[in-house]
Amino acid sequence: KTWTRQETQSVTGKVREAVKPQGALKPRIQNAVNKLQVQISRMDTMLGKLQTRDRQLFQRIVTAMQQHDTNASRVLSNELAEVRKVTKVLSGARMSIEQVQLRLTTIHDLGDAMVEIGPTMNTMRGLKSSLGKFMPEADTELKSMTDTLGGLMSDSLTSGDAFNMESDASNEETDKIL
């Protein structure tokens with residue numbers, strides 16, 4: 001029995017830890033993309049081994065059938081069915097992980113684009129105030145362009161359907177690709 005009191009974190013400490021920023025988003029996204037790539041590579045290796053095992057089992061089934069060994073062919077067929085089930089599940093998981101990786105890469109690239117658009121908006125605002133004194137028609141045009149860029153940034157960052165995670169992904173563009 002221990003006589004010392006165990007140090008536990010308070011509830012407020014746990015909440016603070018949960019909502020505290022964990023650093024810059026870009027390196028965290030890149031780190032996640034890299035980790036997902038490692039997992040995809042591992043899954044590819046496992047899928048390759050399963051496909052090799054599939055071919056070997058199938059060949060053994062053919063040999064057993066040619067030798068009229070029904071018991072062996074039945075056992076091997078059951079094993080082949082299990083290998084194919086695992087292959088199917090693993091392939092689905094791989095595709096899901098790859099989809100997440102692609103979405104994170106898109107978010108990463110979109111963030112890069114937003115970083116480039118930000119200074120452009122500041123420059124356009126500065127131009128708007130300077131040119132507005134001399135060319136009133138340029139003022140309205142620059143305001144329109146600034147509003148367009150601002151809308152682009154806010155739509156890109158707040159739109160929930162821009163990165164919709166549908167597993168079926170049955171839209172027209174996907175059908176064209178397929």
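I'll start with helix α2, where the buried residues are I29, V33, L36, I40, M43, L47, L50, D54, L57, I61 and A64. Buried here means under 20% relative accessible area, with exposed being over 50% and partly exposed in between, using a 1.4 Å probe and protein chains only. Helices are DSSP runs of H or I of at least four residues, strands are runs of E of at least two, and both are numbered from the N terminus.

A word on the source. This is a predicted model, in which local features need pLDDT of at least 70 and side-chain atom pairs count only at pLDDT 80 or more, while totals for chains, interfaces and linings use all residues. Residues are numbered from 1 along each chain as its sequence is written, and side-chain values use heavy atoms, with hydrogens and water left out.

Now the chain as a whole. The protein chain has 5 helices and 0 strands, in the order α-α-α-α-α along the sequence. Of its 178 residues, 18% are buried. Contact means heavy atoms within 4.5 Å. Taking contacts between residues at least 6 apart in sequence, 70% join residues at least 24 apart.

Back to α2. This helix covers residues 25-66, which is 42 residues. From first C-alpha to last, α2 reaches 61 Å, close to the expected 62 Å; the expected span is 1.5 Å times one less than the number of residues. After α2 comes H68, with a positive phi near 60 degrees.

Which residues does L90 contact, leaving aside its neighbours within four places in sequence? They are M43, M46, L47 and L50. L90 is found in helix α3, and it counts as buried because its relative accessibility is 11%. The C-alpha atoms of L90 and M43 are separated by 7.2 Å, although the two residues are 47 apart along the chain.

The other residue I picked is T87, also in helix α3, which runs over residues 70-134. Is T87 buried or exposed? T87 counts as buried, because its relative accessibility is 16%.

To put the two together: L47 and L50 are among the buried residues of α2.
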